Amino acid sequence: MATNFTKELRVKPGKTVKLKHYDADDTLGWEKGEKTDDVLDKTLDRLDSLQYLLYAEAKRSVLIVLQGLDAAGKDGTIRHVMSRVNPQGVQVASFKQPTPIEAAHDFLWRIHRRVPQAGHIGIFNRSHYEDVLITRVHNLVPKDVWSKRYKLINRFEEQLTDSKVTILKFFLHISKDEQKKRFMERIDDPKKCWKLSEADFNERKFWDDYTGAYEEALEKCSTVDAPWFVIPANKKWFRNLAVSRIVTEALEGMKLKFPDPTVNVKKIKWQ
């Protein structure tokens with residue numbers, strides 16, 4: 001099945017976003033099974049090859065931003081989509097509550113320090129968007145402060161793009177019922193219950209507030225060069241397929257090339 005995941009799941013700049021119109025169970029016609037597994041397998045192999053090219057060329061980088069409500073699958077996406085690439089060429093940064101030093105700087109200070117170097121893929125598990133999400137929902141700063149951050153984020157991402165950083169932003173969209181199901185699975189699984197906290201359950205009370213905050217972030221910050229993608233994420237297998245295909249499509253579009261050898265290999269003489 002020929003599906004352009006980039007085109008299908010991208011939030012067009014200027015588009016009004018209402019997440020109730022996005023089906024978290026959508027699979028774009030794909031079905032779970034051997035054929036889909038085969039496509040994912042080939043995609044991950046291709047991603048491995050392209051990441052090697054990116055690392056060898058060492059002129060450009062890719063920044064993957066993962067956002068989503070609790071249990072949306074950010075960790076699982078990283079584990080599965082990046083399962084075959086060389087870890088030397090991947091940098092993962094998780095942004096939690098700012099440290100005192102981070103809080104003493106502007107909100108983008110700690111973010112800029114973790115942008116991937118040339119030749120690398122960088123992954124943000126949560127990101128600078130937390131400063132227009134949790135900060136907004138819980139009134140951690142006044143509205144006249146967080147409301148200005150959309151423009152600051154767009155300028156920041158434009159600066160990164162000008163510096164040859166390809167930005168791909170994924171909102172992992174799950175339903176409230178699916179989140180509850182995953183929380184219950186964690187409660188019953190000794191290997192996963194450590195992930196739970198009381199805050200996870202308390203945050204469910206703010207579901208509608210987070211939905212509104214995400215909708216505005218998606219509307220105001222999906223640009224031509226730094227697009228947002230709404231990934232239907234109730235089905236983990238489709239989430240992995242969609243994200244891996246979009247990252248692969250972006251790398252293929254970069255027309256990566258191996259650098260020229262630094263020596264004339266024809267004139268090398270063995271001793």
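Helix H11 covers residues 207-221 in this predicted model. Helices (H or I, at least four residues) are DSSP runs, numbered from the N terminus. At 1.5 Å a residue, the 15 residues of H11 should span 21 Å, and the end C-alpha atoms are 21 Å apart, which agrees. The expected span is 1.5 Å times one less than the number of residues. Buried residues (under 20% relative accessible area, 1.4 Å probe, protein chains only) of H11 include Trp 207, Tyr 210, Glu 215, Glu 216 and Cys 221.

Two packed helices are described by the angle between their axes and the distance between the axes. Axes are lines fitted to C-alpha atoms, for helices over the stretch in contact, and angles run from 0 to 180 degrees between N-to-C directions. The axes of H3 (residues 74-81) and H12 (residues 236-253) come within 10 Å and cross at roughly 60 degrees. That makes H3 oblique to H12. Oblique angles are those left after under 35 degrees (roughly parallel), over 145 (roughly antiparallel) and 65 to 115 (roughly perpendicular). In contact (heavy atoms within 4.5 Å) are Gly 76, Thr 77, His 80 and Val 81 of H3 with Arg 239, Asn 240, Val 243 and Ser 244 of H12.

Helix H2 (residues 34-57) also meets H12: their axes come within 9 Å and cross at roughly 35 degrees. Among the contact residues are Leu 40, Leu 47 and Arg 46 of H2, and Trp 237, Leu 241 and Glu 252 of H12.

Residues are numbered from 1 along each chain as its sequence is written. Local features need pLDDT of at least 70, side-chain atom pairs count only at pLDDT 80 or more, and totals for chains, interfaces and linings use all residues, while side-chain values use heavy atoms, without hydrogens and water.

Definitions and conventions
Helices (H or I, at least four residues) and strands (E, at least two) are DSSP runs, numbered from the N terminus. Buried means under 20% relative accessible area, exposed over 50%, partly exposed in between (1.4 Å probe, protein chains only).
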